[in-house]
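Please find below some notes on this structure, written for a colleague who is opening it for the first time. They go point by point and can be read beside the sequence.

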Amino acid sequence: MAPWLLALFAGLIAGGALLLGSAIAWFVKVPATVVAGIMAFGAGVLISALTLELVSDAMDQGGLAATGGGFLAGAVIYVGLNILLSRFGARHRKRSGDQQPRADEQSGSGGAIAIGALLDGVPESMVLGLSVLAGPGLSIPMFAAVFISNVPEGLSSSAGWKRAGRSRTYVFGIWGAIALASGVAALAGYVMLDGASPTALAAVNALAAGAILAMITDTMIPEAFAKDSLYTGLLATLGFLAALSLHAMG
């Protein structure tokens, strides 16, 4: 398979996990404690992946300056955009309870939530394309981490959207669009940086890692602690170990 096509398919399939989680939340009443526990596990998986796959590779490619600068830039950009979107009702877009505003409670919240969901997914997807560039082939540990973490993200978000009165068309339309955007983002990560210097690749990998860590802290960990705080640390640790095992086998 052509490398660019591999990057595209990887993004589409990983993004499709959001639809899978959404479908589970829409058709099955999942207890809040289970949602919180799955989110904690997913957070641990992503933290492990960004540490072992992104930051480690960035350090090897570009050193501390490029890695540190990119990592900080990614976090600052994500947090800045997240603050802006929060003013329009997207602050609790990954919460499964009653925290999300209804469409009639805050004008423009539906669009803000959609943009926020896209903001959360783009960094994860771009690194899949970058992993194909690093080669040979796709990084299976990174792909698995994004796929595994996307299921609870879609599940928790959709549960909250449903409680807020969002329609089925809205929920599945958003996640369908995000899945397509994930494929495009992965392809863009491959095409735009093909031939880039090791320092540039390091900076972009680190930028994505910083954005992902900020996303985990701002949107996933609050839900992980919502109903399952006694076991959140253990479940996050198990998620970290799962991704570590995939990395070791890769």
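1. Gly 154 is buried, since its relative accessible area is 0% (buried means under 20% relative accessible area, exposed over 50% and partly exposed in between, with a 1.4 Å probe and protein chains only). The residue is found in helix H4, where helices are DSSP runs of H or I with at least four residues, numbered from the N terminus. Apart from neighbours within four places in sequence, Gly 154 is in contact with Leu 18, Gly 21, Ser 22 and Trp 175, contact being heavy atoms within 4.5 Å. Gly 154 and Trp 175 lie 21 residues apart along the chain, and their C-alpha atoms are separated by 7.7 Å.

2. A word on the basis of these notes: this is a predicted model, in which local features need pLDDT of at least 70 and side-chain atom pairs count only at pLDDT 80 or more, while totals for chains, interfaces and linings use all residues. Residues are numbered from 1 along each chain as its sequence is written, and side-chain values use heavy atoms, with hydrogens and water left out.

3. Ser 22, one of the contacts of Gly 154, has its place in helix H1 and is buried, with a relative accessible area of 0%. Leaving aside neighbours within four places in sequence, Ser 22 touches Gly 154, Leu 155, Ser 158, Val 171, Phe 172 and Trp 175.

4. How do H4 and H5 cross? Their axes come within 10 Å at roughly 150°, axes being lines fitted to C-alpha atoms, for helices over the stretch in contact, with angles from 0 to 180 degrees between N-to-C directions. H4 and H5 are therefore roughly antiparallel to each other (angles under 35 degrees count as roughly parallel, over 145 as roughly antiparallel, 65 to 115 as roughly perpendicular and the rest as oblique). On the H4 side the contact is made by Glu 153, Gly 154, Ser 157, Ser 158 and Trp 161, and on the H5 side by Tyr 170, Val 171, Ile 174 and Trp 175.

5. The axes of H2 and H6 come within 5 Å and cross at roughly 155°, which makes H2 roughly antiparallel to H6. With H7 (residues 232-249), by contrast, H2 (residues 32-86) packs at an angle of about 40°, the axes being 7 Å apart, and these two helices are therefore oblique to each other.

6. The largest nonpolar core has 47 residues, and Leu 54, Leu 128, Met 142, Trp 161, Trp 175, Ile 216 and Met 220 are those with the most contacts inside it; such a core is a set of buried Ala, Val, Leu, Ile, Met, Phe, Trp, Tyr and Cys residues joined through side-chain atoms within 4.5 Å. Two or more residues are given to this core by each of H1 (3-27), H2, H3 (109-134), H4 (140-163), H5 (168-193) and H6 (198-224). H2 supplies the largest share, 10 residues.

7. Met 142, listed in that core, is in contact with Ala 49, Glu 53, Leu 54, Val 127 and Leu 128, once neighbours within four places in sequence are set aside. Leu 246 is 104 residues from Met 142 in sequence and 8.8 Å from it in space, C-alpha to C-alpha. Leu 246 belongs to helix H7 and is partly exposed, with a relative accessible area of 27%; beyond its neighbours within four places in sequence, Leu 246 is in contact with Pro 141 and Ala 144.
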